[in-house]
Amino acid sequence: DSEMIPWSKATIGVRDIKDFLTREQMEELKTEVRDSAYDIISKKGNTSYGIGVCLATITNSILNNDNAILTLSTHNKENDVYISIPTIMSREGVRELIDVDFNKEELEQYNNSISVIKGVIRGLEFDE
């Protein structure tokens, strides 16, 4: 639940998202998106349809060589962790990772998310 939204990059058409939403509305939207899976699970028991739609989108992008930009958990070599970033998918798979120029606050949130993910991974590690 450490996801972040790079609001500084969000647009509607060519206009900045801040022309349409207040800071409070953006925070509310972030919370709704973050908690949506829990809402679905409480009502249906799982999120299988959402997972299925995502897999179909990724598969179609590969099969059709769409070069679609999808937000996918992709390996971040610098931090040695998989984290969601805009990724161009083609017939060859991951064609390119799109570097997002976060502002200072967003970079802090992004780095926090990396730390949270690494902490969860450490908690799963065990001795053989």
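Two strands pair if DSSP finds at least two bridges between them. The legends below apply this to a predicted model.

**View 1. Strands β3 and β4 pair in the antiparallel sense.** Strand β3 covers residues 68–76, and strand β4 covers residues 81–90. Nine bridges join them. Ala68 has its bridge partner, Met89, in β4. In a regular strand the side chains alternate between the two faces of the sheet.

**View 2. Asp80 sits in the hairpin of β3 and β4.** Four residues lie between the strands. Asp80 takes a positive phi, near 50°.

**View 3. Helix α1 carries a kink.** The helix spans residues 23–44, 22 residues in total. From first C-alpha to last, α1 reaches 32 Å, close to the 32 Å expected at 1.5 Å a residue. The kink is about 45° and is centred on Asp35.

**View 4. Asn65 follows helix α2.** Helix α2 runs over residues 48–63 and has 16 residues. Its first and last C-alpha atoms are 22 Å apart, close to the 22 Å expected at 1.5 Å a residue. The phi of Asn65 is positive, near 50°.

**View 5. Val116, Val120 and Leu124 form a nonpolar surface patch.** Together the three residues have about 270 Å² of accessible area. Val116 belongs to helix α3, residues 104–124. Is Val116 buried, partly exposed or exposed? Val116 counts as partly exposed because its relative accessibility is 36%, and that class lies between the buried limit of under 20% and the exposed limit of over 50%.

Key: Residues numbered from 1 in each chain as written. Predicted model: local features only at pLDDT ≥ 70, side-chain atom pairs only at ≥ 80, totals over all residues. Heavy atoms only, no water. Patch = residues over 30% accessible without salt bridge, like charges linked within 9 Å, V, L, I, M, F, W, Y side chains within 5 Å. Areas by Shrake-Rupley, 256 points an atom, 1.4 Å probe, with all protein chains shown as cover. Salt bridge = Lys/Arg side-chain N within 4 Å of Asp/Glu carboxyl O. Helix = DSSP H or I, 4+ residues; strand = E, 2+ residues; numbered from the N terminus. Buried < 20%, exposed > 50% of the residue type's maximum accessible area, 1.4 Å probe, protein only. Expected span 1.5 Å × (residues − 1). Bend = angle between axes of the 7 residues up to and from the residue.
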